[in-house]
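Colleague: Hi, could you walk me through this model? I'd like to start with the charged side chains.

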Amino acid sequence: LIFLGQGYKQYADDIATSDTVIAVTGDNIYFNEATGEIIYCDKTVTKAIIPEKINGVNVTKIGNNAFEGCTQITELVIPEGVTSIGIYAFAECRSLERFVIPDTVTSVNNHAFEGCINLKEIVIPDSVTYIGSYIFEYCKSLESIKIPEEVTSIYSS
């Protein structure tokens, strides 16, 4: 386990000892090397630029709830190589105004951006073929969005 910064003891029960802690502006994000997945983000993170590889392991997923409730995050960059964005992955990231989904992502799951009240612009690449339900619920500042022609499924409950 690599640990950098504060806040770990509070979340020790949720994070396995095999997870890697990455220091970013504001605090830390947590990466599971076994799955290639970003699994958690401390709520005080303000800026996160995630590299394509962490300790030589490709980052391939943004896990369920990974950045949920990170209300102070203003800049977030996820790398090429990520293929899926989990349920509630960025929910309640209230300070986020713009987000670019990498060209390697094929699925954006349910409620992924729910409650991102200041999100104005999002770029969804042509690689996305699945969009889950309610991904932009309560995104009251969203000005426009283009759904790629390649989308074969938009889930509706």
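Colleague: What does Arg 94 count as, going by relative accessibility?

Modeller: Arg 94 is partly exposed, at 37% relative accessibility. On that scale, buried is under 20% relative accessible area, exposed is over 50% and partly exposed is in between, with a 1.4 Å probe and protein chains only. Before we go on, this is a predicted model, where local features need pLDDT of at least 70 and side-chain atom pairs pLDDT 80 or more, while totals for chains, interfaces and linings use all residues. Numbering runs from 1 along each chain as its sequence is written, and side-chain values use heavy atoms, leaving out hydrogens and water.

Colleague: Which side chain does Arg 94 meet in a salt bridge?

Modeller: Glu 92, with 2.6 Å from N to O. A salt bridge here is a side-chain nitrogen of Lys or Arg within 4 Å of a carboxyl oxygen of Asp or Glu. Glu 92 is partly exposed too, at 23%.

Colleague: How many salt bridges does the structure hold?

Modeller: Three. Another one joins Arg 98 to Glu 121, where the closest N and O atoms are 3.2 Å apart. Arg 98 sits in strand β10 and Glu 121 in strand β12, so this bridge ties together parts 23 residues apart in sequence. Arg 98 has a relative accessible area of 45% and is partly exposed; Glu 121 is partly exposed as well, at 37%.

Colleague: And what is the partner of Lys 47?

Modeller: Glu 75, with the closest N and O atoms 3.7 Å apart. That pair links strand β4 (residues 47-49) to strand β8 (residues 75-77), 28 residues apart. Lys 47 is partly exposed at 34%, and Glu 75 is partly exposed at 32%.

Colleague: You keep mentioning strands. How many helices and strands are there?

Modeller: Zero helices and 14 strands. Both are DSSP runs numbered from the N terminus: H or I over at least four residues for helices, E over at least two for strands.

Colleague: Let's go inside. How many residues are in the largest nonpolar core?

Modeller: It has 39, and Ile 38, Ile 50, Ile 62, Phe 67, Phe 90, Phe 99 and Phe 113 have the most contacts inside it. Strands β1 (19-24), β2 (27-32) and β3 (37-41) each supply at least two of the core's residues. A nonpolar core is a set of buried Ala, Val, Leu, Ile, Met, Phe, Trp, Tyr and Cys residues joined through side-chain atoms within 4.5 Å.

Colleague: What does Phe 67 touch?

Modeller: Leaving aside neighbours within four places in sequence, its contacts (heavy atoms within 4.5 Å) include Ile 29, Ile 38, Leu 76, Phe 90 and Cys 93. Phe 67 also forms one aromatic cluster with Phe 90, Phe 99, Phe 113 and Phe 136.

Colleague: How many aromatic pairs in total?

Modeller: Six. Take Phe 90 and Phe 113: the ring centres are 5.3 Å apart and the planes are at 20 degrees, so they count as stacked. The rule is that rings of Phe, Tyr and Trp (its six-membered ring) pair with centres within 6.5 Å; planes under 30 degrees apart are stacked, over 60 edge-to-face and the rest tilted.

Colleague: Where do Phe 90 and Phe 113 lie?

Modeller: Phe 90 is in the loop between β9 (84-85) and β10 (98-100), and Phe 113 in the loop between β11 (107-108) and β12 (121-123), so the pair ties together parts 23 residues apart in sequence. Phe 90 is buried at 0%, and Phe 113 is buried at 0%.

Colleague: What share of the protein is buried?

Modeller: Buried residues make up 43% of the 157.
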